[in-house]
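Please read them with the structure open.

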Amino acid sequence: MIRVGIIGASFAREAYLPALRTIDDTELVAIASARLSSAQSAADQFGIPHVYDDWGRMIGEHAFDLVCIATPTVFHAPMTLAALNAGAHVLCEKPMAMNRDESAEMLERAEAQNRLHIIGHELRFNPNRRKIKSLIDGGAIGDLRYLNIHNVSSTWGNRAWRRAGDWLLREEMGGGRLGASGSHIIDLLRFWLGDIGAVSGKVTTMAPERFDKDSGARWIATADDHFSFMAEMRNGALCSVTVSFAGRYGGGNQTEIFGSEGAIMLADSDEKLLVARTGEDFQDMSLRDLNADRPGIGTGIWNVSFVALMEELTAAIRDKRQLAWGATFEDGYQCQIALDALRQSSRERRWVAL
């Protein structure tokens, strides 16, 4: 049996635990959360025998084969290092860490301990996004020229959406849309197009004034709610990305990829994958993730894609092999370099080479 420990009881409850429950030879041993009530609620739902509000104590009291970390970003590095030192393989949520130095230490430790390591970039396991990679690699649209991603949501436009001090809106905790959404986008850019050469962008907090969702008390958010950037890829392609959660109306999430011989379109609203060669009409090449049909799996690509991620990770542990698919800590480190460079670019108002 693969003995699993979970740190964090929010997203883990939505994605990690339902996915792990589909894998017969995994044993959910323990779960830790800053709020014991949250850990206990998840434990009751998924039959986890041991519950903690002290993650260090949890790691110290059990021998885990795998530790899964779904916590605020500021805790990723210390939790990962502790789990690796205890001999566990590690799944760490994105973004990998607070900065490239923390990411580098996590990668070095995982390699030194000869442990498997993977970042929660589950979109690499989504069939449509894997299809995009195969189309690009196969030359379906010729030489890559330009990619555009536009993601505008009204989620954070409601200034009373969260409780005062919520970590997602605190820069010092690793919150903000660049880490939450930007890390996924940067990973997909690298997954599809290869390494990034240079970036230029703006990372900002457009609506810092916030109000507690329960009391209405005013507080100030420090994490970004809007970013946009250009990226020059090493293969010559140019990428343009805009993500904004600051307005009161959403504009959807659209990916457009243009090549010398065609184009690829993907809309997250309906997950339609459309592909056209020059002079031809767009053809629907959408693929459906069959894991969505499994009982107990939540809706949405984020939850569904984690089934395939967990299957690959646990298979690699079981077979004592390297990962055949997925974003490793090396990918997380490269992503972190890009995130740091974007923040530097925003501060200094210039292009930054990676």
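1. Axes here are lines fitted to C-alpha atoms, for helices over the stretch in contact, and angles run from 0 to 180 degrees between N-to-C directions. Helices are DSSP runs (H or I, at least four residues), numbered from the N terminus. The model is predicted, so local features need pLDDT of at least 70 and side-chain atom pairs count only at pLDDT 80 or more, while totals for chains, interfaces and linings use all residues. Residues are numbered from 1 along each chain as its sequence is written, and side-chain values use heavy atoms, with hydrogens and water left out.

2. Helix 1 (residues 11–21) packs against helix 2 (residues 36–46) at about 30°, and the two axes lie 11 Å apart. The pair is therefore roughly parallel; angles under 35 degrees count as such, over 145 as roughly antiparallel, 65 to 115 as roughly perpendicular and the rest as oblique. On the helix 1 side the contact (heavy atoms within 4.5 Å) involves Arg13, Leu17, Pro18 and Arg21, and on the helix 2 side Ser41, Ala42, Gln45 and Phe46.

3. Helix 7 (residues 177–193) has 17 residues, which at 1.5 Å a residue should span 24 Å; its end C-alpha atoms are 22 Å apart, in agreement. The expected span is 1.5 Å times one less than the number of residues. The helix bends by about 30° at Ser183, the bend being the angle between axes fitted to the seven residues ending there and the seven starting there.

4. How many residues of helix 7 are buried? The count is 17 of its 17, where buried means under 20% relative accessible area, exposed over 50% and partly exposed in between (1.4 Å probe, protein chains only). Just after helix 7, Gly194 has a positive phi of about 95°.

5. Ser103 sits in helix 5 (residues 100–112) and counts as buried because its relative accessibility is 0%. Leaving aside residues up to four places away in sequence, Ser103 touches Met96, Ala97, Tyr333 and Gln336. Its C-alpha atom is 33 Å from that of Gln45, 58 residues away along the chain.

Technical notes:
Helices (H or I, at least four residues) and strands (E, at least two) are DSSP runs, numbered from the N terminus.
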